[in-house]
Amino acid sequence: MIPYKYKVIFFLVFMASFFCLLYIKYRTEKVNEYEVKASLYFPAYLEKRPVKFSLMDSSRNIFDSNNLSKGVYFLHFWATWCKSCEEELLSISTIKEKEFNFFCISVDEELEVAINYLKDRNINCPFLFDRGGEVAKKLGSIKFPETYIVKNGNIILKFEGPRDWRDSGLLDFIRDYSKRF
């Protein structure tokens, strides 16, 4: 038979360990939450000229990169096979911001697949098609989603990974940063 004092000591050590693990889990979740929030506003800064390109829209009209010479543009690269892209496209399609121009650029292999994907999900955003991601590759994109902010023909910011573009803080950050150029 185990003496009572050893049972009490074991119980106290067990409870202390249990509460330590709960505290560590809580702190880890908080740190991860802060990291996610911080990454939202810390893009990769490029500040370089974009690659010259011509892309097709859903009506098969050609959009030329020379059109990016005036104003601020969001060039958002996405794919139908990208799980996080759908939610991000939904957030982009709800933005009513007038001073920014948005283009959602599909890197899929087939134009019709991308168009049907948007229609099926009722996502309405200005659409361009980059077959197989050729332009995205020239810009240095290797994973999706990725978003480039272009002002007056120059890439000023690059965001890797998904963002909630409805976040007014993020749009304020971009607005303030773009005023520097």
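**Exercise 1. State the burial of glutamate 146 and lysine 158, then describe the contact between these residues.**

Solution. Step 1: glutamate 146 and lysine 158 are both buried, that is, each has under 20% relative accessible area. The model is a predicted one.

Step 1: the two residues form a salt bridge, with 3.5 Å between the closest N and O atoms.

Step 2: this pair links distant parts of the chain, since glutamate 146 belongs to strand E6 (residues 146–151) and lysine 158 to strand E7 (residues 154–160), 12 residues apart.

Step 3: a network of salt bridges links Glu146, Lys158 and Glu160.

**Exercise 2. Describe the salt bridge of glutamate 134 and its position in the helix.**

Solution. Step 1: the partner is lysine 137, with the closest N and O atoms 3.6 Å apart.

Step 1: both residues lie in helix H4 (residues 134–139), three residues apart, which is about one turn of the helix.

Step 2: glutamate 134 has a relative accessible area of 44% and is partly exposed.

**Exercise 3. Work out which strands pair with E4 and how the chain reaches them.**

Solution. Step 1: in strand E4 (residues 100–106), six of the seven residues are buried.

Step 1: E4 pairs with strand E3 (residues 72–78) in the parallel sense over seven bridges. Phenylalanine 74 has phenylalanine 102 in E4 as its bridge partner. From E3 the chain passes through helix H2 (residues 83–93) to E4, in a right-handed β-α-β crossover.

Step 2: E4 also pairs in the parallel sense with strand E5 (residues 127–129), over three bridges. Leucine 128 in E5 stands opposite isoleucine 105. The crossover from E4 through H3 to E5 is a right-handed β-α-β one.

**Exercise 4. Identify the nonpolar surface patch that contains Ile9.**

Solution. Step 1: the patch consists of Ile2, Tyr6, Ile9 and Val13, with about 410 Å² of accessible area together.

Step 1: isoleucine 9 is in helix H1 (residues 4–40) and is partly exposed at 47% relative accessibility.

Notes:
Residues numbered from 1 in each chain as written. Predicted model: local features only at pLDDT ≥ 70, side-chain atom pairs only at ≥ 80, totals over all residues. Heavy atoms only, no water. Salt bridge = Lys/Arg side-chain N within 4 Å of Asp/Glu carboxyl O. Helix = DSSP H or I, 4+ residues; strand = E, 2+ residues; numbered from the N terminus. Buried < 20%, exposed > 50% of the residue type's maximum accessible area, 1.4 Å probe, protein only. Patch = residues over 30% accessible without salt bridge, like charges linked within 9 Å, V, L, I, M, F, W, Y side chains within 5 Å. Areas by Shrake-Rupley, 256 points an atom, 1.4 Å probe, with all protein chains shown as cover. Pairing = 2+ DSSP bridges. Right-handed = clockwise from strand over helix to strand, strands pointing away.
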